Every structure is written in C-alpha cells, then in structure tokens.
Amino acid sequence: KKAMFAMASSPEILARAQERVAHEEEWKQEKDYEWKNTRDDVFVKIKGVNGSVDCNIEKDRIRIAMGENILVERQLFQSVDVKESTWEVQGDTLAVSLRKEQAPMRWLSLYR
C-alpha cells in the first residue's frame with residue numbers, strides 16, 4: 001500500500017495520467033470528420049449527411065454510404081465489438097459509437 005500511495009503521490013506520474021485523460025477526452029478534427037478516443041469507446045461525427053445514410057460496422061472495417069455515394073470504406077485502427085457498436089443520424093450529423101474490443105487500448109488514429 002505504501003508503494004502504491006507513493007506512486008500516486010509522484011508529480012511525474014500524476015502529470016502523465018492527467019495528460020492522458022485530457023488527451024483522450026478531446027475531439028480530434030480531421031478533414032472530413034471528428035473523432036474522440038476514450039477508455040472503452042471511439043466516437044465519430046461526420047457532418048453534412050441526410051437520412052439516407054447507411055453505416056456498416058464490421059470487426060475491423062467501417063463502411064458509410066449516403067445513397068449511392070460511399071463516404072468511407074476503411075480498415076479501423078483496431079478491432080471493435082460489433083454488437084456493442086452503434087450509429088445514428090442526428091440532424092445533419094452521423095454519430096458513430098465504436099466499442100473497443102481491446103479496452104483500454106488507446107487508438108492513435110481512427111483508420112489504419
């Protein structure tokens with residue numbers, strides 16, 4: 001217990017932990033989407049969509065189409081739990097929630 005308390009009191013360890021938490025909670029803006037990495041999930045927002053969106057989430061891939069137009073067809077950075085991953089259209093934004101298969105694996109990007 002003493003060793004764990006000493007570790008938790010270390011300014012260096014606390015600074016690294018705070019940096020990790022702060023980094024994971026920030027939305028990252030990419031060219032066509034924004035995404036957020038948390039301990040168990042990855043969240044994605046794509047703006048400018050309408051009700052005709054179809055999102056197909058597979059273990060290692062995601063495919064997003066709007067009518068006949070394919071917006072995304074890419075390999076994901078890591079595997080996801082398909083049954084626990086969801087998507088919905090909120091106004092003009094597609095919101096995707098991907099449940100990580102290997103939590104708390106930190107994703108460095110959304111795609112490989």
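Which backbone oxygen does the side chain of Lys100 reach at 2.5 Å? The side chain of Lys100 reaches the backbone oxygen of Thr38 at that distance, and the backbone oxygen of Met105 at 2.6 Å. The model is predicted: local features need pLDDT of at least 70, side-chain atom pairs count only at pLDDT 80 or more, and totals for chains, interfaces and linings use all residues. Residues are numbered from 1 along each chain as its sequence is written, and side-chain values use heavy atoms, with hydrogens and water left out.

Lys100 lies in strand S8 (strands are DSSP runs of E, at least two residues, numbered from the N terminus). With 5% relative accessibility, Lys100 counts as buried, a term for under 20% relative accessible area with a 1.4 Å probe, protein chains only. Not counting residues up to four places away in sequence, Lys100 touches residues including Asp40, Asp41, Val42 and Trp107; contact here means heavy atoms within 4.5 Å.

Leu98 belongs to the largest nonpolar core, which has 22 residues. Such a core is a set of buried Ala, Val, Leu, Ile, Met, Phe, Trp, Tyr and Cys residues joined through side-chain atoms within 4.5 Å. Val44, Ile62, Leu98, Trp107 and Leu110 touch the most other members. Strands S3 (41-47), S4 (53-57), S5 (61-66) and S8 (93-100) each supply at least two residues of this core. Beyond four places in sequence, the contacts of Leu98 include Val44, Ile57, Val80, Trp107 and Leu110.

Val80 sits in strand S7 (residues 80-90) and is buried, at 1% relative accessible area. Among the residues Val80 touches are Ile57, Leu98 and Trp107. Val80 and Asp60 are 20 residues apart in sequence, with their C-alpha atoms 6.6 Å apart.

Methods. Buried < 20%, exposed > 50% of the residue type's maximum accessible area, 1.4 Å probe, protein only. Helix = DSSP H or I, 4+ residues; strand = E, 2+ residues; numbered from the N terminus. Polar contact = N/O pair within 3.5 Å; in protein donor to acceptor, adjacent residues only side chain to side chain.
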